Amino acid sequence: MARPRKCRKVCALPENCGFAPMKEMNDENRVIMAVDEYETIRLIDLVGYTQEECAVQMHIARTTVQGIYNEARRKLADALVNGKSLHIEGGDFDLCEGDSLHCGKKCEKFCYKKRKMENISKEM
């Protein structure tokens with residue numbers, strides 16, 4: 001029996017859940033990227049984490065991060081090169097609560113709970 005998948009910690013849901021080429025969109029030609037795949041791209045390519053740091057942040061093994069990251073990059077390449085729309089949805093993840101010791105310094109501007117608290121204080 002296979003081991004159950006462990007949920008990956010994600011700092012925030014993406015603000016944009018999809019991207020499409022400028023030509024006509026066709027629902028048949030779309031690529032689905034899971035939220036945890038999006039998070040590995042964000043942490044490694046945008047924030048600058050190593051795979052090891054990303055693994056600590058997401059509470060998973062480095063080898064798992066490597067597999068997720070490779071699949072996410074393959075999906076990005078497919079969407080860009082073949083002119084397919086990209087949709088970010090689903091996956092096995094837990095949304096960050098912002099109070100964890102593993103919620104890294106670079107996570108702060110993306111963290112769901114921290115952004116929510118900032119919006120509440122701005123409204124006051």
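## Helix 3 and its surroundings

Gly83 follows helix 3 and has a positive phi, near 65°. The model described here is predicted.

Helix 3 itself consists of 21 residues, and the distance from its first C-alpha to its last is 30 Å, close to the 30 Å expected at 1.5 Å a residue. Its buried residues are Val65, Ile68, Tyr69, Ala72, Lys75, Asp78 and Ala79. The cover over these buried positions includes strand 1 (8-10), strand 3, helix 1, helix 2 and strand 4.

**Packing of helix 2 on helix 3**

Two packed helices are described by the angle between their axes and the distance between the axes. For helix 2 (residues 51-58) and helix 3 (residues 62-82), the axes come within 8 Å and cross at roughly 100°. An angle of 65 to 115 degrees counts as roughly perpendicular, and helix 2 and helix 3 are therefore roughly perpendicular to each other. On the helix 2 side, the contact is formed by Gln51, Glu52, Cys54 and Ala55, which meet Arg62, Val65, Gln66 and Tyr69 of helix 3. By class, this contact has four nonpolar, two polar and two charged residues.

In soluble globular proteins, nonpolar side chains tend to be buried together. The largest nonpolar core of this model has 20 residues, of which Leu43, Cys54 and Val65 touch the most other members. Two or more residues of this core come from each of strand 3 (30-33), helix 1 (35-47), helix 2, helix 3 and strand 4 (85-88). Leaving aside neighbours within four places in sequence, Val65 is in contact with Thr40, Ile44, Gln51, Cys54, Ala55 and Ile60.

**Gly18 and Glu37**

Two further residues, Gly18 in strand 2 (residues 18-19) and Glu37 in helix 1, are set out below.

| Residue | Relative accessibility | Class |
|---|---|---|
| Gly18 | 34% | partly exposed |
| Glu37 | 9% | buried |

Buried means under 20% relative accessible area, so Glu37, at 9%, counts as buried. Not counting residues up to four places away in sequence, Glu37 touches Ile32, Ile68, Glu71, Ala72 and Lys75.

With the corresponding sequence neighbours left out, Gly18 touches Leu86 and His87. The C-alpha atoms of Gly18 and Ile32 are separated by 9.1 Å, and the two residues lie 14 residues apart along the chain.

Notes. Residues are numbered from 1 along each chain as its sequence is written. This is a predicted model: local features need pLDDT of at least 70, side-chain atom pairs count only at pLDDT 80 or more; totals for chains, interfaces and linings use all residues. Side-chain values use heavy atoms; hydrogens and water are left out. Axes are lines fitted to C-alpha atoms, for helices over the stretch in contact, and angles run from 0 to 180 degrees between N-to-C directions. Helices (H or I, at least four residues) and strands (E, at least two) are DSSP runs, numbered from the N terminus. Angles under 35 degrees count as roughly parallel, over 145 as roughly antiparallel, 65 to 115 as roughly perpendicular and the rest as oblique. Contact means heavy atoms within 4.5 Å. Ala, Val, Leu, Ile, Met, Phe, Trp, Tyr, Cys and Pro count as nonpolar, Asp, Glu, Lys and Arg as charged, and the others, Gly among them, as polar. A nonpolar core is a set of buried Ala, Val, Leu, Ile, Met, Phe, Trp, Tyr and Cys residues joined through side-chain atoms within 4.5 Å. Buried means under 20% relative accessible area, exposed over 50%, partly exposed in between (1.4 Å probe, protein chains only). The expected span of a helix is 1.5 Å times one less than its number of residues.
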